[in-house]
Amino acid sequence: MIHLRRFFICFVLTLAAYCAQAQSDFAIPMESLEACYDVIPRPQTVTLTEKTPFGLGENTCILYPEVNTEVARVAKFLQQFISESTCMTLPIRQQNGKKDALGNIVLALDKRISGQEAYNIIVTTKGITITASTAEGLFRAAQTLRKSLPVQPKSLMVAMPTVNISDSPRFGYRGMHLDCSRHFFSVDFVKQYIDMLALHGMNRFHWHLSDDQGWRPEIKCYPRLTEIGAYRSGTTVGRNTIVDDGQRYGGSYTQQEMRDIVAYAKERYIEVVPEIDMPGHMLGALAAYPQLGCTGGPYEVSHLWGVFPDVLCMGNDEVMVFVKNILDEIADIFPYELIHIGGDECPRDRWKVCEKCQNRINELGLIPREGQSKEDLLQGWFAREIQKYMSQKGRRVIGWDEILGCDVDTTTIIMSWRGAEPGAKAASLGHDVIMTPVNPMYFDYYQSKDERHEPLSIGGYVPVEAVYAFEPVAEALPTDKAQHILGVQANVWAEYIACTSHVEYMVLPRMAALSEVQWTQPERKDYDSFLKRSWAMKAIYDRYNWTVAPHIFK
Ligand code: TNX
């Protein structure tokens, strides 16, 4: 009897040892850290399934079932992200049969998943499966997965709690802007900025390429734009004081560099929206080609910040040729539908007294309605001409909300910056709209009241909490009009932002708050939860040595 018992115990122990051996690939050592799916932006559904966690370790492979270069590239990104956070570089290979999935991460396309950016992540005890109908969806999933991982200083297995995540974004346009005219940022930094956008699930980079203080894009037809227009001979010290630093300042992007940035962003599923700001904010171009202004110049690339009376002359036929030639080159470099044509802050002073502009008004027979001037309509004519020209090329133009008062075509997308009301009005008139109201979407504003007198910002208070609380779709907007709100964007104007760590400081962590406005359904938003979840984001920011505003991390 005793013998039999002993035999039975031995049998059970052997069986247990065998099972442990069979499971050892997935077994998780004590030392390991745990993944957490409370990421930013918060996914639509995260359902923990409470089984034994999966152990993600150096033997875990990243697999893709089909030969597909795009999916293979997403696999490489996932490998890079995991390696940067956990110090484990996982092998990547093509999947070899169903059983191969065991113990691995599988990236698979599944056409049944609806939504270009939607994805599912399923973690079981035996592995991770990521599915989406497009490689873009897989890329968004890769971002979620990377943000779930602990940032650890050495290679250690990660315990992945079992979960079903199903996710897709609220808005189709999720953007951030960067002003590279007031201060010039290198190609490398622009790429880093694009990486930051991708981390936050964004898909549009609005690149502000020209302004009074410097013209940045190389235009082959007009070389003086970058030879002359890209450099100012000094910059005001402080806030438009009479003290000038007397330092030549500037820079430009070659067409090759811009194409390189477009390609870099494309791999990260971000479309670049270039902006050529006109007919105002044009001193960079006028300094190079003074015959295009009403007075004929001479003009100087501005040393000061602000709004200036010298703008493109609307009566000079050469101006339209100039603009179209520039847009031809821009459209060739930037292949996407959206092209931003500015249109903000364009004073009428010169047009009112310019014979050529007044002749144009008469020739066009412009008759203003109440509350409009003839010059408003002149800007409307200009914007409509460009809109028509670009639509022949299959493009759509975006303009700042000032152009709404100029009777532009409703196919023109309106970027609502002077508050949210112009956006709501534009939507009710049938325009598509991007919401980027100064408050709370201007990240050149200060984040803490302690900073209000410091030279860190342009002025205006935009704390993280206000960014988070922003609701882009006004309650009063009927559903058929609300669908015109394509998305949300924050702007980083760079008058007072001269270096890259300052850009980082201004956008982190406000960008995280913005990402949840853009991605997450309103009922899933919760500021207290966001604050808790933001620590994991901070760990990632720190991992890349990005400068982070400290206010919410206390
Ligand atoms: C307004 S927003 C501007 C920019 C300035 C910014 C400063 C817009 C369309 N125009 O030219 O840089 O304010 O916050």
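Guide: One term before we start: buried means under 20% relative accessible area, exposed means over 50%, and partly exposed is in between (1.4 Å probe, protein chains only). Also, this is a predicted model: local features need pLDDT of at least 70, side-chain atom pairs count only at pLDDT 80 or more, and totals for chains, interfaces and linings use all residues. Residues are numbered from 1 along each chain as its sequence is written, and side-chain values use heavy atoms, with hydrogens and water left out.

Visitor: OK. How many residues of helix 16 are buried?
Guide: 6 of its 8 residues, so to speak, mostly covered. Helix 16 is residues 500-507. Helices (H or I, at least four residues) and strands (E, at least two) are DSSP runs, numbered from the N terminus.

Visitor: Which ones are buried in helix 16?
Guide: His502, Val503, Glu504, Tyr505, Met506 and Val507.

Visitor: And what covers them?
Guide: The cover includes strand 11 (173-179), helix 4 (187-199) and helix 17 (510-519).

Visitor: New topic. What is Trp207 in contact with?
Guide: Contact means heavy atoms within 4.5 Å. Leaving aside neighbours within four places in sequence, the partners of Trp207 include Leu178, Tyr253, Pro274 and Phe334.

Visitor: What kind of aromatic pair do Trp207 and Phe334 form?
Guide: Rings of Phe, Tyr and Trp (its six-membered ring) pair if their centres lie within 6.5 Å; planes under 30 degrees apart count as stacked, over 60 as edge-to-face and the rest as tilted. The whole structure has 26 aromatic pairs. Trp207 and Phe334 are edge-to-face, at 6.2 Å centre to centre and 80° between the planes.

Visitor: Where do the two sit in the chain?
Guide: Trp207 is in strand 12 (residues 204-208). Phe334 is in the loop between helix 8 (317-333) and strand 18 (338-340), 127 residues apart from Trp207. Both Trp207 and Phe334 are buried.

Visitor: Why is the pair of Trp417 and Tyr442 stacked?
Guide: Because the ring planes of Trp417 and Tyr442 are at 10°, with centres 6.1 Å apart.

Visitor: Is Trp417 buried or exposed?
Guide: Trp417 has 14% relative accessibility, so it counts as buried. Tyr442 is buried too, with a relative accessible area of 5%.
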